[in-house]
Amino acid sequence: MKYDWILFDADDTLFHFDAFKGMQLMFSRKGVVFTEQDYDHYQAINKPLWVKYQEGKINADELKHTRFVEWAQKLNTTTAELNRAFLEAMADICTLLPGAKELMEALNGRAKLGIITNGFTELQAIRLERTGMSEYFEHVIISEEVGVAKPDLAIFAHAHEKMAQPCKSKVLMVGDNPHSDILGGINFGIETCWLNTHRLPNVEGITPNYTVESLFDLKAILLA
């Protein structure tokens, strides 16, 4: 095995993250029909917030609050309550990406495994628990707890410290987002693997060490 440590992103790398389905479930529990038009409108607010979060311009609390302000007013509730209900619904619909479990099984005992995620604390432990994945990871590094998000070097440095500072050439970062996972890893000086399940075009100026279309492909590379 070339690597001593393999770090994974969480959403859309290990876990399916179907926000539309999660929101439909959340709102149905409140007696509200949530449409694709509603989702498009929500995403027009939500997506730029995530960019700001990754750039360090807003914190996790601001993101969680702002994305639900309109709905909180409509439903006469709080943004905190909607956020909690959303994360609960996302935990309830959570499934693993194809090959995730098999990959963990194959790597177990051969390399140490960790997660670095920009997702929120409330969701991480419960998903790992429910999918039977908790036992595989030595460290779960969550941007909300560290106070900075990928691609900021500080979150990678924090993880590296937790891992007892292994040689960077022995660390691989795996993720689906070229801008946060891959660029972050490259800038920190570790090798990277882009999980490109949607076969998107390469991003100019971001060159991962590997590009794979599935976790089965990654398993084949790592165990070769």
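Buried means under 20% relative accessible area, exposed over 50% and partly exposed in between, using a 1.4 Å probe and protein chains only. This is a predicted model, where local features need pLDDT of at least 70, side-chain atom pairs count only at pLDDT 80 or more, and totals for chains, interfaces and linings use all residues. Residues are numbered from 1 along each chain as its sequence is written, and side-chain values use heavy atoms, with hydrogens and water left out.

**Exercise 1.** Classify Phe-27 as buried or exposed.

Solution. Start with the relative accessibility of Phe-27, which is 0%. That value is under the 20% limit, so Phe-27 counts as buried.

**Exercise 2.** Work out how the rings of Phe-27 and Phe-34 are arranged.

Solution. First, recall the rule: rings of Phe, Tyr and Trp (its six-membered ring) pair if their centres lie within 6.5 Å; planes under 30 degrees apart are stacked, over 60 edge-to-face, and the rest tilted. The structure holds 14 such aromatic pairs. In one of them, Phe-27 and Phe-34 lie 4.8 Å centre to centre with 10 degrees between the planes, which makes the pair stacked.

Next, look at Phe-34 itself: its relative accessible area is 4%, so Phe-34 is buried. Now turn to Trp-71: its ring centre is 5.8 Å from that of Phe-34 and the planes stand at 50 degrees, so this pair is tilted.

**Exercise 3.** Find which charged residue lies over the face of Trp-71.

Solution. Apply the test: NZ of Lys or CZ of Arg must be within 6 Å of the ring centre and within 35 degrees of the ring normal. Lys-74 lies over the face of Trp-71, at 4.2 Å from the ring centre.
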